[in-house]
Amino acid sequence: MILEILFGFGAGAVTASGFFALLSFVQLINRFAAVTDSRKYLNLYENMIIGGAIAGNIIFIFNISFPLKSVIMLPGIVLYGLAAGMFIGTFSVCLAETIKALPIFVRRIRIGAGLGWLILSIALGKCVGHLVYYLMLYK
């Protein structure tokens, strides 16, 4: 059992370090601070991301459930979904920008104007798809 704990801890540490290295590489946290003009809170942003990862792991590993009725939990679930979606969306945009995928995509499909509308349409399509899946199909 102790060996399993050590292997699990080691695997988690390697995975977490890879994830945080990727966050550092795409400079996601620095970009958030620069865009929102809140560079003085950069350490707080980093600590909140690490704290969120630790809390999520604890909830997942110990299978913690929240025995509240779904009507009471709905605002929390909506806020979590909004925050998680914003994080994943900005992370994927920063990653695409880092590997220069967007300029190649624009050049290949020969788009001159309206790139913002294209990205917004993709995001809204994903949002509607997720809502249909979770509200109607996932029961």
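1. Arg39 counts as exposed, at 52% relative accessibility. The scale runs as follows: buried is under 20% relative accessible area, exposed over 50%, partly exposed in between (1.4 Å probe, protein chains only). Asp37 is exposed too, with a relative accessible area of 63%. The side chains of Arg39 and Asp37 meet in a salt bridge at 3.6 Å, N to O. The term requires a side-chain nitrogen of Lys or Arg within 4 Å of a carboxyl oxygen of Asp or Glu. A search of the whole structure finds one salt bridge.

2. On the basis of the note: this is a predicted model, where local features need pLDDT of at least 70, side-chain atom pairs count only at pLDDT 80 or more, and totals for chains, interfaces and linings use all residues. Residues are numbered from 1 along each chain as its sequence is written, and side-chain values use heavy atoms, with hydrogens and water left out.

3. The fold is helical: six helices and zero strands. Along the sequence the pattern reads α-α-α-α-α-α. Helices (H or I, at least four residues) and strands (E, at least two) are DSSP runs, numbered from the N terminus. Of the 139 residues in the chain, 6% are buried.

4. The largest pocket holds about 1500 Å³ of space. Of its 36 lining residues, Ile49, Gly52, Ala53, Ile54 and Gly56 are the closest to its centre. Helix 1 (2-26), helix 2 (28-35), helix 3 (42-61) and helix 4 (70-98) each give two or more residues to the lining. Helix 3 supplies the largest share, 13 residues. The lining divides into 27 nonpolar, nine polar and no charged residues.

5. Pocket terms. On a 1 Å grid over the protein atoms alone, a pocket is an open set of points where a 1.4 Å probe fits, with protein on both sides within 12 Å along at least five of seven lines; lining residues have an atom within 4 Å of a point. The volume is the space filled by probe spheres set on the points. Ala, Val, Leu, Ile, Met, Phe, Trp, Tyr, Cys and Pro count as nonpolar, Asp, Glu, Lys and Arg as charged, and the others, Gly among them, as polar.

6. A nonpolar surface patch is formed by Ile50, Ile54, Ile58, Ile59, Phe60, Ile61, Phe62, Ile64 and Phe66. Together they have about 940 Å² of accessible area (Shrake-Rupley method, 1.4 Å probe). Patch members have over 30% relative accessible area and no salt bridge, and nonpolar side chains are joined within 5 Å. Ile61 belongs to helix 3. Ile61 counts as exposed because its relative accessibility is 61%.

7. Asn63 has a positive phi of about 50 degrees, although it is not a glycine. Asn63 sits in the loop between helix 3 and helix 4. At 65% relative accessibility, Asn63 counts as exposed.

8. Gln27 lies in the loop between helix 1 and helix 2. Gln27 is partly exposed, at 43% relative accessible area. Gln27 and Phe91 are 64 residues apart along the chain, and their C-alpha atoms are separated by 9.3 Å.

Key. Patch = residues over 30% accessible without salt bridge, like charges linked within 9 Å, V, L, I, M, F, W, Y side chains within 5 Å.
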